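Try each task before you read its solution.

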Protein chains: 2
Amino acid sequence: MSKVRVHNFAISLDGFATGADQGPNAPFGHAGERLHEWMFATRFWYEMGGAQGGSAGADHAFAAMHEPGIGAEIMGAGKFGPPGWQDDPDHKGPWGDNPPFHTPVFVLTHRPRPSIEMEGGTTFHFLDASPAEALQTAREAAGGQDVRLGGGPTVVRDFLTEGLVDHMHLVQVPILLGRGVRLWDGLESLEEAYDIETVSTPSRVTHLTFTAKTR
Amino acid sequence: MSKVRVHNFAISLDGFATGADQGPNAPFGHAGERLHEWMFATRFWYEMGGAQGGSAGADHAFAAMHEPGIGAEIMGAGKFGPPGWQDDPDHKGPWGDNPPFHTPVFVLTHRPRPSIEMEGGTTFHFLDASPAEALQTAREAAGGQDVRLGGGPTVVRDFLTEGLVDHMHLVQVPILLGRGVRLWDGLESLEEAYDIETVSTPSRVTHLTFTAKTR
């Protein structure tokens, strides 16, 4: 069976994956880009932007796992646009004409709209569905490959609560956001279902990988 | 000036330093001993118990920093005993006749009582005081040495909020407690006042050291 994977999901020391005060120019709110500076320094990120350079160490190795073997992505409404995008019939996400997914992408929203085909192989579909229902739809679209769970924190938490996540890569950044949306709420004893490895890197982040125990 | 130091302060992934449901036989509540298993495996812990053995690697190196250069400890009421100890005039803490401090120890409580001299150099004093006031008293008692802030999480958080902590060593254990007392509340942007280093070890914990920037 294809797996459900979370990659490059960054949280602060106090567990926030998104800051407060999100807006059109602040998708992560007052966190700004501080949760992702580790990634911007990697070769993975440089190459995704068509540039050369970037570090090729541990941060890169983890970051680059984002791509291979993925056949579809599921994301929450908050990732597809700033609050209120549902009121704009022309909104096509914040990534431009050629979004960096290149697969079907399923956007969870209580206000679905017709699918949007973009350049480069990305098609946005809109679902008002439970995690299990959305996953079934995404799996069919993924053609045997894995499904990436793209965030935000509420969606990842919902899928974790339902026991639907097979692999999760978190990146803990040593900052205290104090406010925003926390990943860690209501997940007591989550560790019992996973083998967890931790490794800190010279950029001072700590990568945590959760690998689901055989069920 | 002598420094204020926090050592071996363990938190779960979701930031809890104490679980819920604390009691006489459960000082860390439903967390049990899970936050401290990393420490029980170290040579530091074996030797403190008069035994031989234990690992002498990175976990030991961090743990052993608990002792040198400390002239006094400050702790919260919750560390000195289970809820309600203030009603027992004979309560002398949970450590037996020879507590492992060997210095003056200042217990913060709204119901002070006369000091208690124990074996081995530990004397318990009881203070109803603000963090700054308690620190001044402890510093005088420490005779030029450093003051250890012994927890629990509420006390550490209060001293952090007041900018009174010079060195903090946290140990993040990869478990999710879900409930209890969180260290990380209201500490937004704490990282600006500290140099932070992170290192994960083979026991799968991550040590985080906060070293106050020169003020």
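**Exercise 1.** Find how β8(A) and strand β11 of chain A pair, and over how many bridges.

*Solution.* This is a predicted model, so work from its computed pairing.
Step 1: locate strand β11 at residues 206-212 of chain A.
Step 2: check the direction. β8(A) and β11(A) pair in the antiparallel sense, over 6 bridges.
Step 3: pick one pair. A:Q172 stands opposite A:T206 in β11(A).

**Exercise 2.** Work out which way strand β1 of chain A runs relative to β8(A).

*Solution.* Step 1: strand β1 covers residues 4-12 of chain A.
Step 1: β1(A) and β8(A) run parallel, joined by 6 bridges.
Step 2: take A:F9 as an example. Its bridge partner in β8(A) is A:L170.

**Exercise 3.** Decide whether strand β8 of chain A is largely enclosed or open.

*Solution.* Step 1: the strand spans residues 167-173.
Step 1: a residue is buried if 20 or more other C-beta atoms lie within 10 Å of its own.
Step 2: 5 of the 7 residues of β8(A) are buried, so the rest of the structure largely encloses this strand.
For the chain as a whole, 43% of the 215 residues of chain A count as buried.

**Exercise 4.** Compare the radius of gyration of chain A with that of a compact globule.

*Solution.* Step 1: chain A has 215 residues, so a compact globule would come near 17 Å.
Step 1: chain A has 17 Å, which agrees.
Step 2: Along the principal axes, the C-alpha atoms of chain A fill roughly 45 × 40 × 35 Å.

Technical notes. Residues are numbered from 1 along each chain as its sequence is written. Chains are lettered from A and ligands numbered from 1 in the order in which they are written. This is a predicted model: local features need pLDDT of at least 70, side-chain atom pairs count only at pLDDT 80 or more; totals for chains, interfaces and linings use all residues. The radius of gyration is taken over C-alpha atoms; the globule rule is 2.2 Å times the number of residues to the power 0.38. A residue is buried if 20 or more other C-beta atoms lie within 10 Å of its own, exposed if 12 or fewer, and partly exposed in between; C-beta atoms are placed from the backbone. Helices (H or I, at least four residues) and strands (E, at least two) are DSSP runs, numbered from the N terminus. Two strands pair if DSSP finds at least two bridges between them.
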